[in-house]
Amino acid sequence: MNEEAEARTADEAGRVKGREASAGRAETANRVRKVGVLLFDDVEVLDFSGPYEVFAMAGKQGGDFELFTVAEEVRPIRAVGGLKLLPDYTLGDCPIPDIFLVPGGLGTRREISNPALLDWIAATSGACEMLLSVCTGALLLAAAGLLAGLDITTHHHSIALLRELAPQSARIREDARYTDNGRILLSAGVSAGIDISLYAVERLLGPERALQAARQMEYAWEGAETGKQQAE
């Protein structure tokens, strides 16, 4: 099977899984999902904190999400701007997340050459229900070999670098707010991570739960249909 055929097969498999997950939403709405958020030095603050807030806020309605952070080592992580963070887990003792969030930031330029982290991202992505990247987190997914045959996006300033790292079978959507490939979802820069997280909540728990979370955050969210129009 050539690369193009493999990409089509992987793409379709991801979409089927996504449809199956949505079809089973009623049966799984009461299940507590583990949400793992990756941290590394020079991570962009809103890339991880915006989605973290979305899942925390949405989880208040029914206890649907259990959030934790993970980094390569248990030590203070210094985010962009100097914010210090202490991760809950290391790569070696982290529970398998149902939802795995890979944020961006200047640190991604260093981490794309970190084989230990990239191998862990690749292995974890295969075990989770949903993989989300925010901003230049897409560069890590590309370096980990996860984007073949997918519709992808990132921060507009990093499109050229994403094009270098991603396989030719990937389709770069420069104007997309976010893209949905079934199991793997990618967002544009920084604040777009809030949108993709609300979209994920809507897919998993329904539109009302996403709208409730957005209202509590006082965030202008009009639902998944608006986001899809932006992405198409």
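Predicted model: local features only at pLDDT ≥ 70, side-chain atom pairs only at ≥ 80, totals over all residues.

**Core and salt bridges**

Modeller: The largest nonpolar core has 65 residues, and those with the most contacts inside it are L38, F65, I121 and L132. A nonpolar core here is a set of buried Ala, Val, Leu, Ile, Met, Phe, Trp, Tyr and Cys residues joined through side-chain atoms within 4.5 Å. Buried means under 20% relative accessible area, exposed over 50%, and partly exposed in between, with a 1.4 Å probe and protein chains only.

Colleague: Which helix gives the largest share of this core?

Modeller: Helix α8, residues 192-205, with eight residues. Helices (H or I, at least four residues) and strands (E, at least two) are DSSP runs, numbered from the N terminus.

Colleague: What does I121 touch?

Modeller: L38, F100, L140, A144 and L146, leaving out residues up to four places away in sequence. Contact means heavy atoms within 4.5 Å.

Colleague: Now charges. How many salt bridges does a search of the whole structure find?

Modeller: 14. The criterion is a side-chain nitrogen of Lys or Arg within 4 Å of a carboxyl oxygen of Asp or Glu.

Colleague: Where do D98 and R31 sit?

Modeller: Their side chains form a salt bridge at 3.4 Å, N to O. D98 is in the loop between β5 (89-90) and β6 (99-102), and R31 is in the loop between α2 (25-28) and β1 (33-38), 67 residues apart. D98 counts as buried at 19% relative accessibility. R31 is partly exposed at 33%.

Colleague: And E129 with R31?

Modeller: That salt bridge is 3.0 Å, N to O. E129 lies in the loop between α5 (115-127) and β7 (130-133), so the pair ties together parts 98 residues apart in sequence. E129 is partly exposed, at 22%.

Colleague: R209 and D64: buried or exposed?

Modeller: Both are buried. Their closest N and O atoms are 2.4 Å apart in a salt bridge. R209 is in helix α9 (residues 207-217), and D64 is in the loop between α3 (45-59) and β2 (65-71), 145 residues apart.

Colleague: Which residues do salt bridges with shared partners join into one network?

Modeller: R31, R33, D98 and E129.

Methods:
Residues numbered from 1 in each chain as written. Heavy atoms only, no water.
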